[in-house]
Structure formats: structure tokens, C-alpha cells
Amino acid sequence: MGVIEELQSGALSAEENVLRFLEAIEARDGEINAFIEVNPRAIEEARAVDEKIKQGRAGKLAGLAIAVKSNINVRGLRATCASKTLENYVAPYDATVIERIRREDGIIIGMTNMDEFACGSSGETSYFGPTQNPAARGRIPGGSSSGSAAAIAANFADLALGSDTGGSIRNPASHCGVVGIKPTYGLVPRYGLIDLAMSLDQIGPLARDVYSAALLLEVIAGYNPKEATTLRVSQQNYTSKLSADLSGYTIGFAKEFEEYAAKEIIREVKHALAKLEAQGASVVEVELPSLDKALPTYYLTVFVEFFSATRRFDGRRYGYRIEEVCGEEVLRRIMLGRYISQKEYSGRYYRRALQFRSLIKKEMLEALSGVDLIAGPTTPKLPHRIGESIDPLAMYAYDLLTVPANLAGIPAGVIKAGEVGDVPVGIQFHAKPLEEQKILNAMYALEGGRA
Amino acid sequence: MKVTIGFEIHEQLATKTKLFCNSPTNYRDAPPNTNVCEVCTGMPGAKPMPVNQEAVDAVIAIALMLNCEIVKEPIYILRKHYDYPDLPSGYQRTSMPIGKNGELAGVKIWEVHLEEDPGKYDPTTGKVDYNRSGVPLVEIVTAPDMHSPEEAREFLKELVKVLRYTGRVREEGGTMRVDTNVSIEGGARVEIKNINSIRGAYRALKFEITRQKNLMKRGRVVKRETRAYLESQMITKGMRTKEEAEDYRYIPDPDIPPLLISEEKIEEIKATLPEAPHLKEKRFIEQYGIKSDDARIIASELELANAFEEVAKVIPPQLAATWIRDEVKRVLEYNGITFKESGITPAHLIELLQLVLNDEITLKTAKKVMELLPEKRTSPKKIIEELGLKKLREDSLVAKACDEAIAENPKAVEDYLSGKKEALNFLVGQVMRKTRGRADPAKVLEMLRERVEGK
């Protein structure tokens, strides 16, 4: 909140704010590798915002530096998806979220590193090399919004945009110890987000504190007439309704979480829940019996939708045919998607995945019907060391606790609960569709914000 | 040997914007790749806009005109994947059936879908034009209910008439694409693609049936395959066999929620539908007592049929019908335009026919005025005034013309008097020329006879 106040009072100019981040990136990003590209016009844009601040007509994000995941189109910058496939693709238009950020005078500081085409949970599959975890050096930052989370953790930007298909915001937020939110499906426009799995993808904010995450979320959220899957939701105002008073809140904890997550992670989560009880919330047990079906359901859906989404990278327009230049994980998903979407198999795999998806959604909504929030761990295990070889199934298993929110289309948020050794551990909150405010309030309470 | 023929017909819908974006659809008038945006060129990150309601309504209207049931369950938009330069996203979007179980001219209509057109690829230059990409299409799938190329042609003619009647398909023509399935008893079904006119469909079927019959005569097997019609050579050529058939890997498009068509929507569209052409034809015969041939021709275009009904309120129906069938159609065909495009109004026709009935102009003048109507786009009276075509009433002027004709053509007079009666017709022609058609030919004949015989 400090920076926002300083910028608005004029104590800090937008130019100074952007400059110090550019200097920090210059000095330290060689080690972290959070950015693929910085915005060469950032200073120029900051000066223009300073003019507006002086004239008293600057927007909500005036002067804040925002890092953007490389699968979101920002006009004039490369949206590479961290792939050789789109190595030279300069976005010719702004994604709707970028238009909204610009309207509120936020400044795009650069394009962040990520798992190639968002296929990964470690930040290691980028064509531009792996990203370091600034909060736990030597370890993966998580993924796929690895650069966005690392940029926040390393203090390279005020705010960042990530995308979350099965945990890609929440997983790195947890590993890097920052705040990350996956909004309700359809709340934030996807127009301009390069697809992983269209029925699951959502753009969301990453930030160092809950207030600024809420601020970015309220700027980007809301109905978009340009897309068919948008929700008819008007302009939101989360920041003015932020409250750490949790009296009356019932928070569910599913006993199945203990089966899947490491003991030391559960310990940190329960510790955080105890703090929330002290602030008025009551904690009850809920059941998620189909949790074991979430991962296969999720991956079958992703393979098929990703296969479909990548057909446009046929080498005719963007230089390379994706199958010829992509990394192993991207290729694996395309091949599996191509295989299971065949006419003879679609009934067996894809249709069944859609059926299980309905089941999981129903179960999540039922579990949520008696409570305000479901809280639990974000990842089953701590981030591994960079370079440590792990097999694909072990990599997929990182997503076990984050995919249900995407399958159900509900919002979920992550904030640091504690540490195991020196490694951050995040607690994850789920809420009913469009109840982002409750998630924000719970995280705000945990952060120690004023009631 | 029994022949079985079925069709899949695609026609562009007359919407202002494309199916999933706001780019305009007048792709032919625009330079290549200018009627495009991120959506219809499949740029990374672009998402389809909500489906164009005008296009959905058009397909509902067409399905209803083809006597289909409208599907009430959620209708998914599917992605049909294939790799071709004209397809910017690598898939084409096509709806599940919107209408089902219809019928037209004795042919069952299986399904009616909504689809998007791909761009245009020219294999010789390697150039792609995305102007057409995303233009909405209706796809009509018939049962294999036709049994000869002639029957198939009649069906397509009737279908085109009905599509035009709805006013929901593109008027400029030449946008229809037809795939046909044809088989002969004992042989496999062969699909022919790349047909783009009724005449093309007829020729392709003629060729294909002969080809299959010849194969069978020689004891060869007709295998299941897809063939292309080559317009320039009027033949079909093998494209791929069943084994090579593409798997389109259909999936419901995750970017587009399914369509739901309400009962109210169906009723609302029903209320705007015109009477079907074959019903109109029948009614014209019964209600106005006109000849069935005339009724068929008049009902071939909705605007023409409507005009007839207006005219028949004032003018004796059979006169109106004959005039429309002979004269109006002649002028339209000569100019290669539809009645709607001609700008001719029922009021023009009424005015013109009344002038004839009141004996104010000759039939010849009326025909001439008819020819001028599409160009002048003004009332017949004004045209007649402008060109001074009013019938000459003063006998003195006609008499003068007769005298002149007789004086100038002594040979004709001589011929007539020596028994060649038709020579008088020549003189009538001369008088008509002198009076620029304004004289009454019967009157002229009488005056000439008096003069020549009294000589």
C-alpha cells in the first residue's frame, strides 16, 4: 500500500518507480530469469502518467509497474509463450486486460518467463531457460506463471499478471511466497490470452500484498462483450470492501487433503487456519471424495483442448510449425491430445473427462454450499531443486490440489501460510462462483490487515 | 440399375458481419485481407465473439421454410480440425443440427447447420485471402432421395428458389457450394466435392453415373471414395479413398457456450416467413384463375409474386399474369437481373397496363416502355411523355403518314393491287415507323386499304 500512496501523493513519481524496477531487473534478473523482455517504452509511458498525476486525472493503477506473462498479448511486445514457436511474434493488439490496465494508467514493465505454452508446473520448460525461485534459491519457482511470481518475489514489479489453467498462478505463488488469485471462470476477459485449455484458462493477479492484488483484480474483472464465455458481471470494487473481520465465516477443510499433501505442508496450513479462527472464523470438516479423479479429468481435457488450440501454429504464419520446435512437454501434450481426440477414442477419453468434470464441479459446489470457503494446501509437496529430474507423472501430481478450482470454474486464492525450512508454503482458499471478496478477506485477515 | 443421389449444400448467409466477429462480409468488394481482424485470422489469443444472432435467425428461418423441426436441446458449436492454408486456426466451426427432419419437393432434409466459411487459397500463386474467413454459411443435408441427375437438378432449383424466398441468403449468387453422394445399386457410395452451380451438379452427376456404370459393366468394383468435380473438363477425379478419409477430431468449441433456441424465438421467426413458393403457385391458380405455367413463373421470385398480387387487384388477373410472364420476365432475363433489382414497382405495372387498356398507347409502345423501366426507374407516363410515345389520335397525321407511305412505295401498291395481299403489311410497317409506333395498326391497315383500293 505504501507505493500506491506514495505515487498518488506525488512522493514517488511513476518514472522513479519504473526506473528503480528497471535497475533491479538489470542488476539481478540475470540470476532469476523472470523476464523474457522488458518494455523499452516503460519510462516514456511513466512520464506520460506523471503528467496525468499532476493534472489529477490519473487512474487507479497510476504509475504501478506491472509484469505480464508472455502468453498475454501486449501490443508491440513479444508474446512468445516462452516457445521458439512464437519467438518472433510481436503482439499486434492489446489483450482486454491490458486495455483495462492502460485505462487505469498502469505501466507494463515487461513480459515474464513461463513454462512453454503454460505446459508445466516448475518454470523449467521455457525455451528461454528456467526461472529461479527468489524466495528459495536453487529451487523451482513453480509454474507455469513462474516469471510473474518470481518478479513479485524478487521485487522487480509492483504487480503481475499470470494465467491459471490448473494452478499456474497459485502454484508459483505458493512456492514463491506471494499472493495469487485464480478468478471465477468468465470473470476476467480471456481475449488476448494465448490458449492452453480454453474451458479452464483464467487470467489473474499476483502481488506482494492482498490489497494490491484486489486492486489489480477489480481493474481487470468484468463483462467483456468481445467474448462468448464472459460472465455478465458489472465493475467490481474489492478494495473498498476488504475486511479482516471474519466473524460469521465458516471455513471448510477437507480431510482428503491430508491424504495427498505432505505432513509439514498440512501443519503450516492448519497453523494458518488457527489464526483465522482467532479472527472470528469457525473451521469445519468437508468431504471431497472425488478428489482422486480430478487430475486425470484435468489432463485429458487439457490435452484435447491444447491440441486444438495449437493447430494454428502450422508454420505458415508464425515462422515455425509447433511440433518441429517445441519442447518435450508441449510435444507430449499435443501428441496425447491428437491421440485421444480421434473419432474412435473420443467417447472413451474426452467425453468421459467431460462427465467427470461435471461430477467434480457438483461435488465442489456441494462442499461449498455449507461453508463460505474451503481452505487447504496449494501443492502436495515442496518445490524440487532446479535440474532435479522428475518424471512427467510426478510433475503432473503438483497440480492435484489446484485443478479442482479450474474444473469447477470457481475462484481460488493463495497466500503464504508459513515456511518449511526456508521454503514458503501457501494456503489455498476456494469460494463459490463470484465470491472472490471472501477469499480476499480471508487472505487479508491472515496477512494481518486491519479489520 | 437404381441410382441414389443425396446432397450437402452450402450457401452464404446475407449478414452484415461475420459469424464470430464484427468484420464486414462484403469480401468480394474489398482488396484481399482487408475485411479481417484478429478473430477471423485466428491470431494467437483472439477469441470468438458471441455467435452472430442474425446468422442464427437466418438458419432457423431457412430450416422452417424447409419444414424442419427446430432443435430445442443445447446446440454445440463444434471444431472440425483439418490442415489447410485457408483455415487460419486449423479448424472450422460448424454447429450441431439446428433443424432436423424436413422436406422439400419430395426430398427429405436430414439436417440444417450453421457454419463459418474458410478463407480463399490459390494453390497456383500460394496466396491466401482471409476476407471470406468467418462468413456465415447454412449447410443443408438431404436424404439420398433423388434417383436421376434430372431429379437432382429440379430439387436444387426448388431449393434455390426457397432460399431466395427467405431473403436470408446472399443475393449476388455464385456462392453456393454443393457436395453430392451418388451410388448405383450394387456399388459403393461416392462423394463428389467442388461443385458450385446447379448446372455443375447436373454435369458432375451425369459424368459420375456413366463412370460408375462403365466400371460395373466391365465387372470392376465401385469403391467408396471422395472425388472432385473439375468444372473446366466436366469430369470427376479421385481425391481420397475411405481408408484415407480424414479424422476431423470434432470437439465442442470450449470458447463458445451452446445455443439454446426458445419456443418464442421460433414463433417470432415463423411470423416473418413468406408463403412457400409451391403453395403460392397453387393459391394463384385457385384464387386468380390464372394458368398454371404463369403461376409457376410468377412464383419463382417472391418480389415478383407480391407485385403480381398488387397488380391483380386493379388489372384483370390473367392479363397481369400474361404480361408478367411474357414481358416482365423477358426484360429481366435480357438484363440478367431479378425483379427486386430492376426497381420496377407494382404501381408502374398498373399504370402501364391501364394505359394499354384505355387504348392510350399501343401494345408495341407498352413493350418499349417495359424495356426502359429498369433503366429509367420512373413512371411509365413520364417515359411516354419524355419520348413522345402517346398514341396518335388525330387521323390527319396518320392519314398524312399513309399518303406518304403510298407515294414513296409505288412498287408495294402495285404488288397489292396485283393480288399480293401481304404487300399491305409492308406499308403498315412504314406507317408505323413514320409515326414511331404511336398509330393503331388496325386503324392504319383500314386507312391504307381504303386509299389503295380507292385509287
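A residue is called buried here if 20 or more other C-beta atoms lie within 10 Å of its own, exposed if 12 or fewer do, and partly exposed in between, with C-beta atoms placed from the backbone. By that count, 60% of the 451 residues of chain A are buried.

A word on what you're looking at. This is a predicted model, in which local features need pLDDT of at least 70 and side-chain atom pairs count only at pLDDT 80 or more, while totals for chains, interfaces and linings use all residues. Residues are numbered from 1 along each chain as its sequence is written, and chains are lettered from A and ligands numbered from 1 in the order in which they are written.

Let's start with chain A as a whole. Chain A holds 17 helices and eleven strands; helices (H or I, at least four residues) and strands (E, at least two) are DSSP runs, numbered from the N terminus. Its radius of gyration is 20 Å, close to the 22 Å that the globule rule gives for 451 residues, so chain A is as compact as a globular protein of that length. That radius is taken over C-alpha atoms, and the rule is 2.2 Å times the number of residues to the power 0.38. The C-alpha trace of chain A spans about 60 × 60 × 45 Å along its principal axes. Among contacts in chain A between residues at least 6 apart in sequence, 76% join residues at least 24 apart, a contact being two residues whose C-beta atoms, placed from the backbone, lie within 7 Å.

Now zoom in on helix α3 (residues 42-54) of chain A. Its 13 residues reach 18 Å from first C-alpha to last, close to the 18 Å expected at 1.5 Å a residue; the expected span is 1.5 Å times one less than the number of residues. A42(A), E45(A), A46(A), V49(A) and D50(A) are buried in α3(A). Seen down the axis, the buried residues of α3(A) fall within an arc of 150°, so they line one face of the helix; the arc is that of the directions from the helix axis to the C-beta atoms. Their cover includes α2 (14-32), β1 (35-38) and β3 (107-112) of chain A. On the face turned away from the buried side sit the exposed E44(A), E51(A) and K54(A). Just past α3(A), G56(A) takes a positive phi of about 70°.

Most residues other than glycine have a negative phi, and most peptide bonds are trans. Here are some backbone spots to check against that:

| Site | Backbone value | Location |
|---|---|---|
| G143(A) to S144(A) | cis, omega near 10° | S144(A): loop between β3 and α5 (146-153) of chain A |

With 33 C-beta neighbours inside 10 Å, C81(A) counts as buried, whereas N194(B), with 17, counts as partly exposed.

Over in chain B, six bridges join strand β12 (residues 225-230) to strand β13 (residues 235-241), and the two run antiparallel; strands pair if DSSP finds at least two bridges between them. A228(B) has K237(B) as its bridge partner in β13(B). β12(B) and β13(B) make a hairpin with four residues between them, and M234(B) in the turn has a positive phi of about 60°.

Finally, the place where the chains meet. The contact takes 28 residues from chain A and 24 residues from chain B. On the side of chain A that touches chain B, the largest share, three residues, comes from helix α10 (residues 291-309) of chain A.
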